[in-house]
Amino acid sequence: MAAGTAVNPMPMAEGLPLSLTAALFSSVPPPSLLPFPRSSRPLRFPRLSLSSSLLPFRKILPLPPFVAQTSGWTLQAEEEEEVEENELEDGGFGLEGLEGETEDGVEPYGEPAEEAKLFVGNLPYDMDSEKLAQLFDKAGVVEVAEVIYNRGTDQSRGFGFVSMSTIEEADKAVEMFHRSEISGRLLTVNKSAPRGRRVERTPRQFQPSLRIYVGNLPWQVDDGRLGQIFSEHGKVLEARVVYDRETGRSRGFGFVKMAAQSEMDDAIAALDGQVVAVKDSAISENGTERTLYPYVTGTSVIGMKYKDGVILAADMGGSYGSTLRYKSVERIKHIGKHSLLGASGEISDFQEILRYLDELILYDNMWDDGNSLGPKEVHNYLTRVMYNRRNKFNPLWNSLVLGGVKNGQKYLGMVGMIGTHFEDNHVATGFGNHLARPILRAEWREDLSFEEAVKLLEKCLLVLLYRDRSAINKFQIAKITDEGVTISQPYALKTYWGFSAFQNPSKGAEGSW
């Protein structure tokens, strides 16, 4: 390499805050560089050889739960890092014996000093061997630079290796880059140990950190929104939401760095466990929340009167979109002394309705006047709640079935999402309104016994199980009489899937695929 070779600056990739230049180790004018392919092969320069004993690394993610100062997990992750480094200390590139090779007309070159070889960990995942060489060029002449990639996915594993030309330059590189921040990640730069020896490291010294881990973030919160939330409690130096590098979606957590210890303590005390925003909701200027569409939903509920009271039935499935995610969701609840409530639609909105009803029943009991709310009063209350929320353009995404018995009088009614309501001898929500009610109209009688009522409900549930993709073969049946409420344990129905229409649904359908 000529001593007076000019060094032309090269632009760095986005995400590297340092302004660095690339040194070209050649006595001829430097050609324009092309992007290096992603591979585990090291970036090599003239007069250089491959390293042999380098330490691997695992990235550190300080992630204690919820809103808390990062501490314990950082220590644990660093202990795991040191264990992994010690286990693989005698590794290396696995390419010994290539010192005498020539490549592209370059003369054979000697092995760099063992003490000049460095391990670089916690690299940004978009950094390749070329960028790694450009980064360490600030500390001296880079002889070998390699970023390690996963063979199966061809993605960076987040660590690499660098060999400097002299031991002094390696020491300078460690001093310059160890714990320096690149694209929001703190690099780990260590000197490798000669083969068969352990690397000597000074004991780690931990200083109080002003960084806060924030978990359970709504998916739509970005860096700006996260900083805005914490800026109410002090000066925010940094706010970062962590995203999945493959999908680009938020991983639901992030980090905030405050300017002072007192501000960090105030933020943790004020925000830990608080609701910042609801996932899949829109947030207006004054901070109110609007559900945009159902998130986890339940399907049909069927109710009818029989000789002694009212009976309700529903399955226990909860669909996450089109995926049957939850299989033990109880959608029939006992309300007060005289009522049963069943709900289809958004499960979280149903939980909100139950909270309203708990407050209503508690307020009623506080009067201690010997009276209690009957099913008709509860039905009227739910009608007003649903209609009120509809008028605020913030509806509760549910259809409700309310049944009960008080003073021998049977009552059964339904309330829709926008406040529509009616009473009838039998009702159903969801697909049940289309598939089950024709059966009920044909076979229901006012003098049905409990056993006959259960048999008729199971017939309707079986039809829904066959026809409704969101239905699950796990049901609960509840009855209410003057004697009280009984809700059955979950059970399954016997099914038969051998019908020819199930085996070939499109057979004989004109114009079908």
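Before I show anything, a definition: a residue is called buried when its relative accessible area is under 20%, exposed when it is over 50%, and partly exposed in between, with a 1.4 Å probe and protein chains only. What you see is a predicted model, in which local features need a pLDDT of at least 70 and side-chain atom pairs count only at pLDDT 80 or more, while totals for chains, interfaces and linings use all residues. Residues are numbered from 1 along each chain as its sequence is written, and side-chain values use heavy atoms, with hydrogens and water left out.

Which residues of helix 6 are buried? They are Ile347, Asp349, Phe350, Ile353, Leu354, Tyr356, Leu357, Leu360, Ile361 and Asp364. Seen down the helix axis, these buried residues fall within an arc of 160°, so they line one face of helix 6, the arc being that of the directions from the helix axis to the C-beta atoms. On the face turned away from that buried side, helix 6 carries the exposed residues Gln351, Asp358, Leu362, Tyr363 and Met366. After helix 6 comes Asp368, whose phi is positive, near 50°.

Side chains of opposite charge can pair when their charged atoms come close. A salt bridge here is a side-chain nitrogen of Lys or Arg within 4 Å of a carboxyl oxygen of Asp or Glu, and the structure holds 12 of these salt bridges. One of them joins the side chains of Arg355 and Glu359, at 3.0 Å from N to O, and both residues lie in helix 6, 4 residues apart, about one turn of the helix. Arg355 is partly exposed, with a relative accessible area of 39%, and Glu359 is partly exposed as well, at 46%.

A salt bridge also forms between Asp424 and Arg437, whose closest N and O atoms are 2.8 Å apart. This pair links distant parts of the chain, since Asp424 sits in the loop between strand 23 (421–423) and strand 24 (426–428), whereas Arg437 belongs to helix 9 (residues 437–443), 13 residues apart. Is Arg437 buried or exposed? With 7% relative accessibility, Arg437 counts as buried, while Asp424 is partly exposed at 29%. Elsewhere, Arg211, Glu238 and Arg240 are linked in a network of salt bridges.

Strand 24 brings me to the sheet. Two strands pair if DSSP finds at least two bridges between them, and an open sheet of 5 strands has the order 24-15-16-25-26, with antiparallel pairing. Strand 24 and strand 26 (484–487) stand at the edges, each with a single partner strand, so one side of each is left without a neighbour in the sheet. Strand 15 (residues 301–305) is joined to strand 24 by 3 bridges, the two running antiparallel, and Met304 stands opposite His426 in strand 24.

There is also a hairpin, formed by strand 17 and strand 18 with 2 residues between them, and Gly321 in its turn has a positive phi of about 70°. Strand 17 (residues 318–320) and strand 18 (residues 323–326) run antiparallel and are joined by 3 bridges; Tyr320 has Thr323 in strand 18 as its bridge partner.

Lastly, the aromatic rings. Rings of Phe, Tyr and Trp (its six-membered ring) pair if their centres lie within 6.5 Å, and planes under 30 degrees apart count as stacked, over 60 as edge-to-face and the rest as tilted. The structure holds 13 aromatic pairs, among them Phe253 and Phe255, an edge-to-face pair at 6.2 Å centre to centre with 90° between the planes, and both of these residues are buried. Tyr466 and Trp497 also form an edge-to-face pair, at 4.9 Å centre to centre and 85° between the planes. Tyr466 lies in helix 10 (residues 450–467) and Trp497 in the loop between strand 26 and helix 11 (500–503), so the pair ties together parts that are 31 residues apart in sequence. Trp497 is partly exposed, at 45%, and Tyr466, Tyr496, Trp497 and Phe499 form one aromatic cluster.
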